[in-house]
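Colleague: I have a new model open and would be grateful for a guided tour. Please start with the helices.

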Amino acid sequence: MSFQTSAQPSADPSADPSADPPAAPESGSAPGRVVAVRGSVIDIRFPDAPLPPLFDAVEILWDGPERLVAEVQGHLDAATLRAIALQGTSGLRRGTPARPTGGPLTAPVGDAVLGRLIDVMGQARDDGPEMPPDTPRAPIHRPPPPLARRSPRRDMMETGIKVIDLLSPLARGGKAAMFGGAGVGKTVLVMELIRKMVERHTGISVFAGIGERSREGQELWEEMQRSGVLDRTALVFGQMNEPPGARWRVGLTALTIAEHFRDEARRDVLLLMDNVFRFVQAGAEVSGLLGRLPSRVGYQPTLASEIAELEERIASTPGAVVTAIQAVYVPADDFTDPAVAELFSHLDSSIVLSRAMAAEGLYPAVDPLSSTSSLLDPLVVGEAHYRLAEEVRKTIAHYRELQDVIALLGMEELSAADRLAVRRARRLQRFLTQPFLVTEAFTGHGGVSVPLEETLKGCRAILDGEGDDWAESSYFMTGTLDQVRERDRAGREE
Ligand SMILES: Nc1ncnc2c1ncn2[C@@H]1O[C@H](COP(=O)(O)OP(=O)(O)OP(=O)(O)O)[C@@H](O)[C@H]1O
C-alpha cells in the first residue's frame, strides 16, 4: 500500500533559499512543498492551502524507498509547518510535494493485526502480505478514558515467580514495570513473564518493541511462535535503528491497537512494552531536533506530560482490562534520573533489578527492599501475606546493615541472634532465586513456576528456622521448599 510517485523535483542549490522551490512535475494536486530538511525535521510550505493542525500527519510524495509520513509539530508562519518524519529521510530534497492526510497518523486495528509484526505506521514488517486495504484504522492520538469510565482492579495476578508474587505482586488490570541498568535482566524477566502469562492469558497480547535491538524482536517473535500464541498477539516494532519519530510514536500505535480490543471487542489485553525509557529518549531527541530548550538533565521540557500521555491511556474500563508490563532502562543505574522517577509515579507495581544481586548470580536480580506494589496491602493480599513480606524485607534489611561489620570483623563478632538472622536472610535470598524457562538453554537448570501458596509456605518455614541446618547451596535456583529439602538430603547422601 505504498504511495509512491515518480515526481522528483530538482532543487537548485544556488537558488534563493527563502523563495518557494520550483513546483514538482506530476505533483498532482499536492498543495505543499518541502522547503527544508534537517535530518528527521522537515519544513513544508503550503502557500495556498490552510496548514494542517498540530499532530496531523502529512505525506511526502517522493520516490524514496518507502512511504514517508511526517507528524506536524509546529507552525513556523502562516504558510509553513515543521514536522518530524517517521521514516528515514535520506535522499529527500527540497521541492518534493507533500499533502495533508486529513488527520493524525492512524494504526490498523482489529483481527487483521493478530499474528502480525507491524511498524509504527501499521505496515507489515514480517514476511506476510501487506495489511488488507479494508483494515479498520484508528488515530494514534486519543485522550485516556474519562475517570468515570475507569475501573481500577485490585486482584492479584499470580506469576509463579516467587520474589515477584511475594514482594511486588502484579495486579490484573494494573501497570507494572521492571527497572534496571544495562544487562541486569530486564528483557529476560519480561520474556519469562510473557512465557508464563501469555499461555494462561486468554485475551489478546500486544507487544511494543521500542528502541531496542532487532535481535530481541526476532527472539520474541520466535518465542511467541513456540508458545503457540502468535495468533492472538500483535507485535509493533520501532527498534533502535529507526528514526526518533518512529521510536517516539510506536508506543502509541501499540496502545491504539490495545484500546481497540478493549473497547470494541471487549477482550482483556496484556500490553508489553520493552523499553519505555527509549520512548522518553526518542522524545528528547525529537525535542532537540525541533530546537526546544532542554530541561533537567537534558530531557525535553515536556517530559512529564509525554510520559503521562502514554501511561494514562493504559487503563481498564468496565468492559475489559488492560494489564501492562513494561521494561524501563535506568541510565547509569541512577534511579533519581528524572525520566525514571517520573515513570515510577504511574505504576501499581515497581520491580527494581539490582546490579549487586546480578553480580552475585542471584537471578532474577529483584531487589527485595526497593521493589514495591500497591497490592501489598492486608486488604488485598491478606494479613498473612502482608506480614510475611514485611518480615522477609526486615530480615534482609538487617542482614544488609550487618554486611559491613561482617566484612570487617567476621561472623564470629556478631551476637547469636544476629548470626541467626544472617543465616536466615541468606537462605531467604537464595530461596527467592529461581531458574527461568527462557534461560534453560544457557543455565542448564530447568525452569520452574511456584504457586504463591508454596512461596508463602517456604518463606514462613525459613523464617521459623525449619531449614536452618540445610546447606545454603540447596536453596539456590530451586522451586518449592520441598525441593530444597530434597536437594539438601541428596547432597548429604552423596
Ligand atoms: N533470570 C536469569 N537467569 C540467568 N541469567 C540471567 C537472568 N536474567 C539475566 N541473566 C543474564 O543477564 C544477561 C542480560 O540480561 P538482559 O538482556 O535481560 O538484560 P537487560 O537488562 O535487558 O539488558 P539491556 O539493558 O542491555 O537490554 C543475560 O544475557 C543473562 O546472561
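Colleague: How do H11 and H13 run, roughly parallel or roughly antiparallel to each other?

Modeller: They cross at roughly 165°, and their axes come within 9 Å, so H11 and H13 are roughly antiparallel to each other. Under 35 degrees counts as roughly parallel, over 145 as roughly antiparallel, 65 to 115 as roughly perpendicular, and the rest as oblique. Axes are lines fitted to C-alpha atoms, for helices over the stretch in contact, with angles from 0 to 180 degrees between N-to-C directions. Please note that this is a predicted model: local features need pLDDT of at least 70 and side-chain atom pairs pLDDT 80 or more, while totals for chains, interfaces and linings use all residues. Residues are numbered from 1 along each chain as its sequence is written.

Colleague: Which residues of H11 and H13 meet?

Modeller: H11 brings Arg424, Arg427, Leu428 and Phe431, and H13 answers with Gly458, Cys459, Ile462 and Leu463. Contact here needs C-beta atoms, placed from the backbone, within 7 Å. H13 covers residues 452-463. The labels are DSSP runs numbered from the N terminus (helices, H or I, of at least four residues; strands, E, of at least two).

Colleague: And how are H10 and H11 arranged to each other?

Modeller: H10 (residues 383-409) and H11 (residues 416-431) have axes that come within 9 Å and cross at roughly 115°, so these two helices are roughly perpendicular to each other. On the H10 side the contact includes Val392, Ile396 and Tyr399, and on the H11 side Arg424 and Leu428 are among the residues involved.

Colleague: Changing topic, what is the strand order of the open sheet?

Modeller: The eight strands follow the order E8-E14-E13-E15-E16-E12-E17-E18, with mixed pairing. Strands pair if DSSP finds at least two bridges between them. E8 (116-118) and E18 (372-373) stand at the edges with a single partner strand each, so one side of each has no neighbour in the sheet.

Colleague: In which sense do E15 and E16 pair, parallel or antiparallel?

Modeller: E15 (residues 269-274) and E16 (residues 322-329) pair in the parallel sense, over six bridges. Within this pair, Met273 has Gln326 of E16 as its bridge partner.

Colleague: Which helix packs on that sheet?

Modeller: Helix H5 (residues 276-289) does, touching E12, E13, E15 and E16, and its direction makes about 65° with that of E16.

Colleague: Where does Asn275 lie?

Modeller: Asn275 is in the loop between E15 and H5, and the peptide bond from Asp274 to Asn275 is cis, with omega near 25°.

Colleague: What is the phi of Arg266?

Modeller: Phi of Arg266 is near 55°, a positive value in a residue other than glycine. Arg266 belongs to the loop between H4 (244-263) and E15. Most residues other than glycine have a negative phi, and most peptide bonds are trans.

Colleague: What is the strand order of the closed barrel?

Modeller: Its six strands run E1-E2-E5-E4-E3-E6, with antiparallel pairing. Neighbouring strands there are turned by 45° against each other on average, direction ignored.

Colleague: Finally, which helix gives the most to the shell around the ligand?

Modeller: Helix H2 (residues 186-200) does, with three residues.

Technical notes
Contact = placed C-beta atoms within 7 Å.
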